[in-house]
Amino acid sequence: MKTSEPSYSARFECLAEKCPENCCMEWDVDIDKKTADYYRSLSGAFGDKLRRSMKREEEPEIPEEVLKDSELSAIEDPSEKVEDEVPDDGLFSGLREDTFRLDGIRCPFLQEDGLCEIRIRLGYENTPYTCREHPFNTEEYETFAETSPSVSCPAVAKLVLETPVSNAYPPAPENEGKDPVLRLLCRKRNAILSAFDEGKSLNRHGTELMDIAQKLQIEINRVAPDFAYDFPGRLSVPKIRETLKFLRNDLTILTERWRMQLDKAISVSINLDAFNEFQNRHTAEITRMFAYFVYRYYLKAVNDCAILVWSAFIADCAFVPAYLSFISGEPFSNTYAWFSREIEHDRVNAEAFLDYFDDVIRR
Ligand code: SF4
């Protein structure tokens, strides 16, 4: 199976001890089944320590259940879609069962010297798949796969911010495989990414993405949906506040830092003119982050055919960290990395945020 990746992947270098965001802290470490089985089979004190540190997660929801009753699930039975064959570090992974119980905010195997105890004792190949792959994540589709690094890692966020969209993303194959929805999505995503103009505002990008999604949804469903998504309307004072409050009050907050970002953004009065001026000064950076989310999530609609929902999700993934950066003065590399950690990489939060757009679109 042919695998492609963004051009900036080749330039990735872990910041190691200079990293402001250690990826072995603050979030659960998922353990793929094969590795968990191996840990369960180990004898001795270290085997005991591994088992004591593991906790079993509830079986995650699978995508076809999430949107089974949706009017948006359209022409095909999602169960016929290709399933991921590798553990998926992104949304809707169905293969993870175990995680390590954190010691405070640290992975229990992160030593004081910053090294990994599992890697030292059992070797790199016996660390969980997530640790071996991080910050990369692979998505498999019918005839091809895409590997991309996540902006939860500040080194990746920097690469995304400094790479023009025109040089960043390889086109997806448009005419391969049997799945007409996948071919359609590939064609549209290629067109969107190749037309990205780094001089355009977030507002324009969001509006255009939603216009394309509206038409595409009709093409997929073969009937016009009786709902739409007004992206400019989403960037109104009450709607911005509503989204921020949803993130603050309805999702699990993983870090105090994220809670403070949201609290501050909710408490200050919203000055849209000043935000528009801010985003006009940063169109290239915001566009590059927008393109990153398009690349990572547009084709996910192949699982549920809900391209309107996915597009709304993508547009707000680009918007929220940009807005937080405007409010707090934090660099984009931080706000996008924090958002990615809290939402992109937390399966429950990510699914809830996606469901939120399913609700919003139907209002
Ligand atoms: S977050 Fe990125 S740069 Fe930091 S330690 Fe992890 S992989 Fe390295």
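Of the 363 residues of the protein chain, 55% count as buried, where buried means under 20% relative accessible area, exposed over 50%, and partly exposed in between (1.4 Å probe, protein chains only). The model is predicted: local features need pLDDT of at least 70, side-chain atom pairs count only at pLDDT 80 or more, and totals for chains, interfaces and linings use all residues. Residues are numbered from 1 along each chain as its sequence is written, and side-chain values use heavy atoms, with hydrogens and water left out.

**Overall**

- The protein chain has 17 helices and 6 strands; helices (H or I, at least four residues) and strands (E, at least two) are DSSP runs, numbered from the N terminus.
- Contacts (heavy atoms within 4.5 Å) between residues at least 6 apart in sequence join residues at least 24 apart in 78% of cases.
- The accessible surface of the protein chain is about 16000 Å², and carbon and sulfur atoms account for 49% of it; the areas come from the Shrake-Rupley method with a 1.4 Å probe, and for residues only the protein chains shown count as cover.

- Strand 3 pairs with strand 4 (residues 98-100) in the antiparallel sense over 3 bridges, and Arg56 stands opposite Asp98 in strand 4.

- Strand 6 (144-149) is mostly covered, with 6 of its 6 residues buried.
- Phe144, Glu146 and Ser148 point one way from strand 6, Ala145, Thr147 and Pro149 point the other way, and all are buried.
- Strand 1 (residues 2-4) pairs with strand 6 in the parallel sense over 3 bridges; the bridge partner of Thr3 in strand 6 is Ala145.
- Strand 5 (residues 136-140) runs antiparallel to strand 6 and is joined to it by 5 bridges, with Thr138 opposite Thr147.
- A hairpin of 3 residues connects strand 5 to strand 6.

**Helix 8**

- The 16 residues of helix 8 (residues 180-195) should span 22 Å at 1.5 Å a residue, and the end C-alpha atoms are 23 Å apart, which agrees; the expected span is 1.5 Å times one less than the number of residues.
- The buried residues of helix 8 are Val181, Leu182, Leu184, Leu185, Cys186, Arg189, Asn190, Ile192 and Leu193.
- The cover over these buried residues includes strand 6, helix 7 (165-168), helix 9 (202-221), helix 14 (283-297) and helix 15 (307-328).

**Cysteines**

- The whole structure has 0 disulfides, a disulfide being a pair of cysteine sulfur atoms within 2.5 Å.
- The closest cysteine sulfur to that of Cys24 is in Cys23, at 4.7 Å, which is too far for a bond; Cys24 is partly exposed, with a relative accessible area of 28%.
- For Cys116 the closest cysteine sulfur is in Cys107, at 6.4 Å, also too far for a bond; Cys116 is partly exposed, with a relative accessible area of 27%.

How values were computed:
Pairing = 2+ DSSP bridges.
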